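Hello,

Please find the structure we talked about below. My notes on it follow.

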Amino acid sequence: MIYFIGDSFTWGQGLHLEKWSADGITNKYMADHMPDNNFPQECLSYDDHKIRKELHFPNLVAKHFDRDYVTDWHNGGTNYTALRFLTLVTGSPIQDLIVFQFTSPTRIHYPIIPPPTPEGFPDNCQYRDDFPSELKTAIDDEFKHLNVKEYIQKITKGDETKYEVYKLAYEQAYLVNHLAPHNSNNGITWIGFGWWPETGHILKEYFPQNYVPLYYKGKEHSGFESLLDLDNLKLKNLLKGCPDEHLSSIGNQVIAESIIQKIKKDNLFENNRVKQK
């Protein structure tokens, strides 16, 4: 089982629009049926959801490895709200792998972690200050011990806003690594990549065994934000006049190929399960 955790990009928002466009549905109708216009994407038809599930990268990865997979039924989320799912993944030396797609580090909703909160967190976890004191201390200690502050300062060159983005990205990656189960044959139970490059930089520097580099036409991208402006990798470019800024089916293929390459390169499924004949 592969567990895919992320936001609307993982969920596959907008992929049904490729079908709508092929069916001759107007751009105005598409625009009127976007989340910003109070049309929850969870309310799509059975056939539209079927298209979305076929085209989003979780399905492409799982199909490649002939494994089942799960994602959140809900569209969207933050790097903090997604933490509650990690403790539901029990971990197994046989088949489990978590693929965590980090969203914008600055996207924070309140309560910051809605119930059910991870073990050790208060039921009413409204703000970051409500995190367990020993966990906050551990994050601060690692931040100092690994010279994260100096690394971020070197990159941001005095830009306080960017500094805060990197600091949040580190905290979020730390929390994912802290909460993810760690009982595995090869010691790696989760891999991840980010929308924003800041997250990618942090993962590559401090969580290299978990980092998924994103490749397109031979170039490595630290986050898929830069991919969205290339060719037809987002819906708005693929479907002229389409209002959706999410990954197109082509963009999802690029993400899937990068994840597949990471899993193969690091042999993350080696000896994990015998395929039934």
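Helices (H or I, at least four residues) and strands (E, at least two) are DSSP runs, numbered from the N terminus. Apart from neighbours within four places in sequence, Asp68 is in contact (heavy atoms within 4.5 Å) with Met1 and Ile2. Asp68 and Pro58 are 10 residues apart in sequence, and their C-alpha atoms are 9.8 Å apart in space.

Before the rest, some notes on the source. This is a predicted model, in which local features need pLDDT of at least 70 and side-chain atom pairs count only at pLDDT 80 or more, while totals for chains, interfaces and linings use all residues. Residues are numbered from 1 along each chain as its sequence is written, and side-chain values use heavy atoms, with hydrogens and water left out.

The sheet

In what order do the 4 strands of the open sheet lie? The order is S2-S1-S3-S4, with parallel pairing; two strands pair if DSSP finds at least two bridges between them. At the edges are S2 (69-70) and S4 (190-194), each of which pairs on one side only.

S1 (residues 2-5) is joined to S3 (residues 97-102) by 4 bridges, and the two run parallel. Across this pairing Tyr3 stands opposite Ile98, and Phe4 stands opposite Val99. Towards S2, S1 has 2 bridges, again parallel, and there Tyr3 stands opposite Val70. S3 and S4 are parallel too, with 5 bridges between them. Phe100 has Gly192 as its bridge partner in S4, and Phe102 has Gly194.

In a regular strand the side chains alternate between the two faces of the sheet. S1 is covered on both faces: Ile2 and Phe4 on one side, and Tyr3 and Ile5 on the other, are all buried, where buried means under 20% relative accessible area, exposed over 50%, and partly exposed in between (1.4 Å probe, protein chains only). In S3, 6 of the 6 residues are buried, so this strand is largely enclosed by the rest of the structure. Leu97, Val99 and Gln101 point one way from S3, and Ile98, Phe100 and Phe102 the other way. S4 is also largely enclosed by the rest of the structure, because 5 of its 5 residues are buried. From S4, Trp190, Gly192 and Gly194 point one way, and Ile191 and Phe193 the other way.

H4 and H5

Helix H4 (residues 46-55) packs with helix H5 (residues 57-65) at an angle of about 55°, their axes 5 Å apart. That makes H4 oblique to H5. Axes here are lines fitted to C-alpha atoms, for helices over the stretch in contact, and angles run from 0 to 180 degrees between N-to-C directions. Angles under 35 degrees count as roughly parallel, over 145 as roughly antiparallel, 65 to 115 as roughly perpendicular and the rest as oblique.

Lys53, Glu54 and Leu55 in H4 meet Phe57, Asn59 and Leu60 in H5. By class, this contact has 3 nonpolar, 1 polar and 2 charged residues. Ala, Val, Leu, Ile, Met, Phe, Trp, Tyr, Cys and Pro count as nonpolar, Asp, Glu, Lys and Arg as charged, and the others, Gly among them, as polar.

Within H5, Phe57, Pro58, Asn59, Val61 and Ala62 are buried. The buried residues of H5 pack against S1, H1 (8-11), H4, S2, S4 and H12 (249-265). Just after H5, Asp66 takes a positive phi of about 55°.

The cores

A nonpolar core is a set of buried Ala, Val, Leu, Ile, Met, Phe, Trp, Tyr and Cys residues joined through side-chain atoms within 4.5 Å. Which residues have the most contacts inside the largest nonpolar core? They are Ile202 and Phe207, in a core of 38 residues. H9 gives the most to this core, with 10 residues. Leaving aside neighbours within four places in sequence, Ile202 is in contact with Tyr151, Tyr166, Ala169, Tyr170, Ala173 and Phe207. A second, separate core has 31 residues, including Leu97, Phe224, Leu247 and Ile260.

Regards
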